[in-house]
Amino acid sequence: MPVQRTALTDVLNELLQPAQFKDYGPNGLQVEGRAEIRKLVSGVTASRALIEAAIAEGADAILVHHGLFWRGQDGRVTGWMKQRLSLLLTHDINLFAYHLPLDAHPEFGNNAQLARHLGVAIYADARGRFGEQSLGFMGERRGDSAAALAEHVSERLGRPVTLVAEPDRPVQRVALCTGGAQSYFEAAIAAGADVFITGEISEPQAHYARECGVAYIACGHHASERYGAPAVGAHVAAQLGIEHVFIEIDNPA
């Protein structure tokens, strides 16, 4: 049975609590489509490829981590923006996007899901979160060296990773903050991490890792954030009794 768009909006907002975050763009319903929803497609980014694949799936709504609108962007509807919006509006598809709220959810969010995928047990007490807006997650994975953990991450995510560390350095306390979270490295060090896992690395972080003796693993922005949206999508679809499909659009970044 279909559900109303308002019902899906309410369930997503209740789960992800977007009002609690200071974010870089609007969270929630970004493009309004048809009122009744039978099938929800989830994906990482509202790219044209994802929208086209969702149309082929017969989706009524799309749920993503990276939406269309960001603070400070050019507001003109031309080029790629026109193409994406045209597809959504022509096919009457709703677009829902949750950025930081989808990183932060303690069970279905990107950080929690990546930790689960990598076998990192997140601390249940205050040690389990760090950094601005408590977006960083901290836990343990015992018995690894830095090189062994990097190899494990690479195998689990199916792509090469960048490791900055002495290969044999023991690591146990694992800090995670998915995506472009290089700036959280110093907060992870202050929180007592042995290793920091994120999506990207910038030039300064390599020096911090060498000088502070804390390992740094960069595994790709997209690769680190492809587990939250399908987890949320599957959860809310089951709650509402609608169909859900996750569509993976490969991205080397």
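In which strand does N94 lie? In this predicted model, N94 belongs to strand β6, which covers residues 94-97. The relative accessible area of N94 is 0%, so the residue is buried. Setting aside neighbours within four places in sequence, the contacts of N94 include R5, L29 and V31. E32, G33, R34 and I37 are also in contact with N94, as are D60, A61 and I62.

The aromatic residues come next. A pair of aromatic rings is described by the distance of the centres and the angle of the planes. Searching the whole structure gives three aromatic pairs. One of them joins F185 and F196: the ring centres are 5.6 Å apart and the planes meet at 25°, so this pair is stacked. The pair links distant parts of the chain, with F185 in helix α7 (residues 185-190) and F196 in strand β12 (residues 195-198), eleven residues apart. F185 has a relative accessible area of 0% and is therefore buried. F196 counts as buried because its relative accessibility is 0%.

F196 also pairs with Y216, in an edge-to-face arrangement with 5.5 Å from centre to centre and 70° between the planes. This pair too links distant parts of the chain, since F196 is in strand β12 and Y216 in strand β13 (residues 215-218), 20 residues apart. Y216, at 0% relative accessibility, is buried. Together, F185, F196 and Y216 make up one aromatic cluster.

A charge over a ring is found elsewhere: R127 lies over the face of Y123, at 3.9 Å from the ring centre.

Key: Residues are numbered from 1 along each chain as its sequence is written. This is a predicted model: local features need pLDDT of at least 70, side-chain atom pairs count only at pLDDT 80 or more; totals for chains, interfaces and linings use all residues. Side-chain values use heavy atoms; hydrogens and water are left out. Helices (H or I, at least four residues) and strands (E, at least two) are DSSP runs, numbered from the N terminus. Buried means under 20% relative accessible area, exposed over 50%, partly exposed in between (1.4 Å probe, protein chains only). Contact means heavy atoms within 4.5 Å. Rings of Phe, Tyr and Trp (its six-membered ring) pair if their centres lie within 6.5 Å; planes under 30 degrees apart count as stacked, over 60 as edge-to-face and the rest as tilted. A charge sits over a ring if NZ of Lys or CZ of Arg is within 6 Å of the ring centre and within 35 degrees of the ring normal.
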